[in-house]
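User: Please take me through the structure shown below by question and answer. Plain answers will do.

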Amino acid sequence: MGTFRTYPAAIKIKDDINSELHHLLLSPKYQIDFSIVSPLYHYSILQHEIAIMDWKTAAQKKCDFVNALIPSEWRLPSPVPPASEQRDVTGVYIQQFLSEREIEITETDAVGIVKHTTGGEWTATEVTQAFCHRAALAHQMVNCLHEIFFEAAIAEAQKLDNYYKAHGKPLGPLHGLPVSLKDQFHVKGVETTMGYVGWIGTFEGQKGTGKEKVFESEMVRELRELGAILFCKTSVPHTLMAGETVNNIIGYTWNPKNRNLACGGSSGGEGALISLKGSPVGFGTDIGGSIRIPAAFNGLYGIRPSSGRLPYEGMANSMDGQNTILSVVGPIGTSVGALKLVIKGILSREPWLHDPLVAEIPWRDEQEQAVLELVKQGGGGQLAFGIMRGDENVTPQPPVKRALDVVVKTVEKLGHKVIEWKPPSHAKALEIAAIPNLDLRRRNRRFYNAPFPLSKHTNTNKTPVHAAFALSGEPMASQISSVYGERKEEYTASRIAATNVAKRQFQKEYMEYWNSTSSLTGTGRPVDAIIAPLAPFPAARPDIAKFGKGENKLKRIMPGLSVWVNLLDYAAATLPVTTVDKAVDKVDEGYVPLNGQDEKVHLSYDPEVYDGAHVAVQIVGRRFQEEKVLALTEILGDALGKHVV
């Protein structure tokens, strides 16, 4: 049963609303008679003692259980050398543990895999076995898996092969395609912990629901119907609210290309796994950049669709019911074709009939074709892009600046138009989204601690994050506690309504600015998309807390360059561009920071540390323009020589 920590019948705790135990004891489960003795609460617990399993024991037991599912023949013969000796574990490094056939299969993108499996050239079983092996290696190198169900996946693949043999055709358009899932999806036979120790052995923190290891999310059902093979669930930061991936169960998930750096978050395990080619395509979620950031940090393609385009029904989440900015689900993969393939497949299942929040919008080939026709026309068929180089709060580091310049030059070389993007104030957007720790808060506190989940408040009548930690007594990782460590009052319905009104007004203002660019593009149309940074750095540094001065020293760098897209609910895709070159991407010695956060970004850049890391940008379109955004991203990716990464 593990080690227990037992509390006596009388407990004194500081009069501090940050105490997890305070909220735990308010549960009607306990009969509590308490009186306030300032500055302490004195609790008398009648008929009960509180026994809390040692969270470390529970976490280690879960970690060991998952690791034991890796077959002995797939285990590394010796530990991976430290990052100082082996910075990059992608490519040749991981290939040394694979056969030539496994390398051929796992380094084919999703489109190529499906071509082979639906054509009968490759069996679903051999494809699944190859990716299970590579995923097992990836996990041992960077800690990227929460759940392993290789045996079940191979059994499903064998069923698909039997179906193909019996019917002479594939089960569906994704026949035999391995698909990885972020640990928010419920999949039968395995748990969903979402990085919380207190969720181990439960259904989203509750026991006895009848859903444990049985219930499946809507998209999981649809993927199975399409012939996809589900084989693992990937790591997340507990709460999902961080641009790094860390929790008390598996520890820290590292960037495979440069193990000095973060893999991103919160879909960080997906980014790391796919970067190591342990999966050809997978699904993550995005509420402030959580698809785009891991895709960018790992040199991959990914898309954040508008809310309501793909089904979220039946998935676990943090702060469910918060609706100021909705989390969305979307794919990450090694090619734009992979993203299109799985989105088309999901939409073919008519998810709007099973998820009440999905809009009835099938895949629209005409949007993609309209872009391609413009490109084919030549002279009079120009595309137009806006270039956004920063948000007036932080300035991107030298490698990101160079990546933006590379994309602009590529667009111009292709004969298309680029204009400077000068939108309504992004500082205002960050105020509405309530991004914490920004200097602009001192200037305008109108929306301070508004109810967006990246802030310290939520718009529900509980605090789900604190309740989840209280289940086990586990501590928050520093990446989380910097935002959620201090518990404050929840906002009223009136304050939430005011924030939602401000959001709608900002969306309208931004919409009209976009419309107005038709007078600047020379095409007669507004810009087709925006080229923009999605983070100020190629990847986050785990040791970021040692940089900066004063109160900024302990703060994380918040996702201001990505969350504006979520606020506006735009469709946005990542475009891998280049890698950091320490000989080219020098420190800007004369740079004068805009504020404390910007200074922290500037001071944390070290060409030696970042050398070799992936650098990407985002291509942002308007709401529900997923087909157009993917077409534009593919055109630019092809021009950069990155059809498949």
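User: At what angle do helix 6 and helix 7 pack?
Analyst: Axes are lines fitted to C-alpha atoms, for helices over the stretch in contact, and angles run from 0 to 180 degrees between N-to-C directions. The axes of helix 6 and helix 7 (residues 150-167) are 8 Å apart. The packing angle is about 165 degrees.

User: What kind of model is this, and which pLDDT is needed for side-chain atom pairs?
Analyst: Residues are numbered from 1 along each chain as its sequence is written, and side-chain values use heavy atoms, with hydrogens and water left out. This is a predicted model in which totals for chains, interfaces and linings use all residues, local features need pLDDT of at least 70, and side-chain atom pairs count only at pLDDT 80 or more.

User: How many helices and strands are in the protein chain?
Analyst: Helices (H or I, at least four residues) and strands (E, at least two) are DSSP runs, numbered from the N terminus. On that basis the protein chain has 23 helices and 18 strands.

User: Is helix 6 roughly parallel or roughly antiparallel to helix 7?
Analyst: The angle between helix 6 and helix 7 is about 165 degrees. Angles under 35 degrees count as roughly parallel, over 145 as roughly antiparallel, 65 to 115 as roughly perpendicular and the rest as oblique. Helix 6 is therefore classed relative to helix 7 as roughly antiparallel.

User: Is the crossing of helix 6 and helix 7 left-handed or right-handed?
Analyst: A crossing is left-handed if the near helix is turned anticlockwise from the far one by less than a right angle, and right-handed if clockwise. The crossing of helix 6 and helix 7 is right-handed.

User: How many nonpolar, polar and charged residues are in the contact of helix 6 with helix 7?
Analyst: Contact means heavy atoms within 4.5 Å. Ala, Val, Leu, Ile, Met, Phe, Trp, Tyr, Cys and Pro count as nonpolar, Asp, Glu, Lys and Arg as charged, and the others, Gly among them, as polar. The contact of helix 6 with helix 7 has nine nonpolar, four polar and one charged.

User: How many residues of helix 6 are buried?
Analyst: Buried means under 20% relative accessible area, exposed over 50%, partly exposed in between (1.4 Å probe, protein chains only). Helix 6 is largely enclosed by the rest of the structure, because its buried residues number 16 of the 19.

User: Which residue just after helix 6 takes a positive phi?
Analyst: Helix 6 covers residues 124-142. Just after helix 6, a positive phi of about 60 degrees is taken by Asn 143.

User: What span does helix 11 reach from its first C-alpha to its last?
Analyst: The expected span of a helix is 1.5 Å times one less than its number of residues. Helix 11 (residues 336-348) has 13 residues, and its span is close to the expected one. Eleven of the 13 residues of helix 11 are buried, among them Lys 340. From first C-alpha to last, helix 11 reaches 18 Å.

User: How is helix 18 oriented to helix 20?
Analyst: Helix 18 (residues 493-516) and helix 20 have axes 9 Å apart and an angle of about 100 degrees. Residues including Phe 506 and Tyr 510 in helix 18 meet Trp 564, Leu 567 and Leu 568 in helix 20. The angle makes helix 18 relative to helix 20 roughly perpendicular.

User: Is Gly 548 buried or exposed?
Analyst: Gly 548 lies in the loop between strand 16 (529-532) and helix 20 (560-568). Gly 548 touches Lys 553, Lys 600 and Leu 603, not counting residues up to four places away in sequence. Because its relative accessibility is 12%, Gly 548 counts as buried.

User: Is Met 194 buried or exposed?
Analyst: Met 194 lies in the loop between strand 7 (178-182) and helix 8 (218-225), with a positive phi near 55 degrees. At 0% relative accessibility, Met 194 counts as buried.

User: Is Glu 392 buried or exposed?
Analyst: Glu 392 has a positive phi of about 70 degrees although it is not a glycine, and is found in the loop between strand 14 (384-387) and helix 13 (398-413). At 68% relative accessibility, Glu 392 counts as exposed.

User: Which residue does a cis peptide bond join to Gly 265?
Analyst: Omega of this bond is about 5 degrees.
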